[in-house]
Amino acid sequence: MAITASPEAQARLLDLQAVDTRLAQLARREQTVADLAASTGTLEDAQTELRRVESDVEVVQARISRDGERMLQTSSAKDASAFEHEIDTLRRRQSDLEDIELAVMERVEEHQSAVDALAGALAELDERRADAQ
């Protein structure tokens, strides 16, 4: 047995479907905006950490340079040996910092990709919304 709805009921159902679709679009947009905000915050944190590590590397490089010059200027074998040991320690520290720097750069790149993808999804949602209106 087939059930048919009156044209007015059908029109109301179509209106209800349009409202329901709009609500689903708004919910998805809201979630995308929240995800974008969270990802942007994470990206900014990673970029801040990267700047800090880069600064630490520069400080270590400057100390290596300074201690190298001081080692060349000293006439004491004991002082030269101490500078040499300090430079070796600083080079190990620099290597460790550069490894950290690479890991943080990878995280920045991953977070930037996520932010770009979410921004693209948000733009696409806004475009679809504009086309629907």
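The model is predicted, so local features need pLDDT of at least 70 and side-chain atom pairs count only at pLDDT 80 or more, while totals for chains, interfaces and linings use all residues. Residues are numbered from 1 along each chain as its sequence is written, and side-chain values use heavy atoms, with hydrogens and water left out.

Helices here are DSSP runs (H or I, at least four residues), numbered from the N terminus. Helix H1 takes in residues 7–73, and its end C-alpha atoms sit 98 Å apart, which agrees with the 99 Å its 67 residues should span at 1.5 Å a residue (the expected span being 1.5 Å times one less than the number of residues). Helix H2 covers residues 77–132.

Several H1 residues are buried, among them Leu50, Val53, Val57, Val60 and Ile64; buried means under 20% relative accessible area, exposed over 50%, and partly exposed in between, with a 1.4 Å probe and protein chains only. From H2, leucine 90 is buried too, at 5% relative accessibility. Leucine 90 touches Val60, Arg63, Ile64 and Asp67, leaving out residues up to four places away in sequence (contact means heavy atoms within 4.5 Å). Between leucine 90 and isoleucine 64 the C-alpha distance is 6.5 Å, though 26 residues separate them in sequence.

By the rule used here (a side-chain nitrogen of Lys or Arg within 4 Å of a carboxyl oxygen of Asp or Glu), the salt bridges number 6. One of them joins arginine 29 to aspartate 126, with the closest N and O atoms 2.6 Å apart. That pair links helix H1 to helix H2 across 97 residues. Glutamate 49 bridges to arginine 107, at 2.5 Å between the closest N and O atoms. Because glutamate 49 is in H1 and arginine 107 in H2, this pair ties together parts 58 residues apart in sequence. Within H1, aspartate 67 and arginine 70 lie 3 residues apart, about one turn of the helix, and their bridge has a closest N–O distance of 3.9 Å. Aspartate 67 is buried at 3% relative accessibility, whereas arginine 70 is partly exposed at 40%. Arg66 joins Asp67 and Arg70 in a network of salt bridges.

Glutamate 101 is buried but has no salt bridge, and the nearest side chain of opposite charge, arginine 52, is 11 Å away (Lys and Arg count as positive, Asp and Glu as negative; His and the chain ends are not counted). Beyond neighbours within four places in sequence, glutamate 101 contacts Leu50, Val53, Glu54 and Val57.

Definitions and conventions. Helices (H or I, at least four residues) and strands (E, at least two) are DSSP runs, numbered from the N terminus.
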